[in-house]
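Subject: The structure, and what I found in it

Hello,

Here is the structure I promised to pass on. Please have a look at it first; my notes follow below.

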Amino acid sequence: MLIDTHAHLTDPVYHGAREIIDNMETDGIERIVCVGYNEFSSAYAVKIAEENAKVYAAVGVHPSDAPKVGQGYLGMLRELTQSDKCVALGEIGLDYHYDDTDKRAQHRVLTEQLELARQVKLPAMFHVRDAYGDFYEIVRRYRDCLPAGAIMHCFSGSRETALQYVDMGFYISFSGSITFKNSRAGEIIAALPMDRILIETDCPYLAPMPHRGETNYPRYVRYQAEKIAEVRGMGVEEVIEITRQNAYRALPKLDGVL
Ligand SMILES: [Zn+2]
């Protein structure tokens with residue numbers, strides 16, 4: 001069975017995600033981690049998780065939302081992490097993609113959440129885009145804040161960068177972008193230890209080929225398994241089983257059978 005370790009079921013395009021959740025069994029999906037990116041979506045993710053046995057939540061403030069964060073956000077996140085269904089702190093990180101990036105706010109909100117990860121002993125789920133240098137410096141400095149490890153979500157860096165994070169004990173998670181024609185992910189996938197690889201959709205964004213440009217769904221996570229199987233010369237079912245076990249190791253509160 002598949003595990004989608006990073007999905008945004010809170011997105012309005014899914015209208016509450018009832019249909020996705022009801023079809024999980026039929027679609028061969030064992031678990032979905034619904035990921036927050038600000039205060040509202042984090043609370044909503046925990047609510048969906050608490051109402052649905054096979055859905056779990058991650059809570060956090062995305063770097064693009066960092067400048068807008070409210071004063072009491074850390075206390076609110078801390079409270080949400082107390083839910084049995086909250087498996088990670090995320091998505092958090094750095095994103096310098098846009099010109100108007102408020103780097104100072106991003107650094108502050110990231111490091112505050114790293115401190116929180118240390119206190120609540122949850123793994124971090126990192127979003128990093130066009131900021132791998134600065135991010136690496138911060139994570140190295142705050143390494144003690146990650147006793148439960150971390151996941152590099154929707155990884156888009158180089159092979160060297162991926163291996164640096166594997167050395168730090170992190171997992172590398174791949175989204176539908178690895179199926180795109182111009183993707184250079186093949187050489188990264190080929191170089192990683194199989195026990196560090198996760199798959200995700202980041203839906204509703206980044207639908208894999210042949211659905212590129214459409215709304216993405218958790219069931220499309222299978223395309224990522226197929227791509228990895230192709231690169232590694234393995235069977236798809238074998239990749240699905242290995243990434244499933246990896247997800248339970250990376251996110252112990254996900255509560256599955258290894
Ligand atoms: Zn995401």
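Let me start with Leu-122. Neighbours within four places in sequence aside, Leu-122 is in contact with Thr-81, Ala-88, Leu-89, Ala-117 and Ala-148; contact here means that the C-beta atoms, placed from the backbone, lie within 7 Å. Leu-122 sits in the loop between α4 (103–120) and β5 (124–129). Helices (H or I, at least four residues) and strands (E, at least two) are DSSP runs, numbered from the N terminus. Leu-122 has 26 other C-beta atoms within 10 Å, so it is buried. The cut-offs are these: 20 or more other C-beta atoms within 10 Å of a residue's own make it buried, 12 or fewer make it exposed, and anything in between is partly exposed, again with C-beta atoms placed from the backbone.

Two notes before you read on. This is a predicted model, in which local features need pLDDT of at least 70 and side-chain atom pairs count only at pLDDT 80 or more, while totals for chains, interfaces and linings use all residues. Residues are numbered from 1 along each chain as its sequence is written.

Now the sheet. It is an open sheet of 8 strands in the order β1-β2-β3-β4-β5-β6-β7-β8, with parallel pairing; two strands pair if DSSP finds at least two bridges between them. Its edge strands are β1 (2–7) and β8 (197–199), each of which pairs on one side only. From one strand to the next, the twist averages 30 degrees. For this and the other angles, axes are lines fitted to C-alpha atoms (for helices over the stretch in contact), and angles run from 0 to 180 degrees between N-to-C directions.

Going strand by strand, β1 and β2 run parallel and are joined by 4 bridges, with Ile-3 opposite Arg-31 in β2. Strand β2 (residues 29–35) also pairs with β3 in the parallel sense, over 4 bridges, and Val-33 stands opposite Tyr-56 in β3. On to β3 and β4, which pair in the parallel sense over 3 bridges; the bridge partner of Val-59 in β4 is Leu-89.

How much of strand β3 (residues 55–59) is buried? In β3, 5 of its 5 residues are buried. Val-55, Ala-57 and Val-59 point one way from the strand, and Tyr-56 and Ala-58 point the other way.

That brings me to the core. A nonpolar core is a set of buried Ala, Val, Leu, Ile, Met, Phe, Trp, Tyr and Cys residues joined through C-beta atoms within 7 Å. The largest one holds 83 residues, and Cys-34, Ala-57, Ala-58, Leu-89 and Ala-124 touch the most other members. Strand β4 (residues 86–95) gives the most to this core, with 6 residues. In soluble globular proteins, nonpolar side chains tend to be buried together. Setting aside neighbours within four places in sequence, the contacts of Ala-57 include Cys-34, Ala-45, Val-46, Cys-86 and Val-87.

Among the helices, the axes of α2 (residues 39–51) and α3 (residues 73–81) come within 10 Å and cross at roughly 10 degrees. The two are therefore roughly parallel to each other, the cut-offs being under 35 degrees for roughly parallel, over 145 for roughly antiparallel, 65 to 115 for roughly perpendicular, and oblique for the rest. Glu-39, Ser-42, Ala-43 and Val-46 in α2 meet Tyr-73, Met-76, Leu-77 and Leu-80 in α3. Also in helix α2 is Phe-40, which counts as exposed because it has 11 C-beta neighbours inside 10 Å.

Finally, some backbone details to look at. A cis peptide bond joins Gly-90 and Glu-91, with omega about 10 degrees, and Glu-91 is found in strand β4. Another cis peptide bond joins Cys-203 and Pro-204, with omega about 15 degrees; Pro-204 is in the loop between β8 and α8. His-15 is not a glycine, but has a positive phi of about 50 degrees.

Best wishes

Methods:
Two residues are in contact if their C-beta atoms, placed from the backbone, lie within 7 Å.
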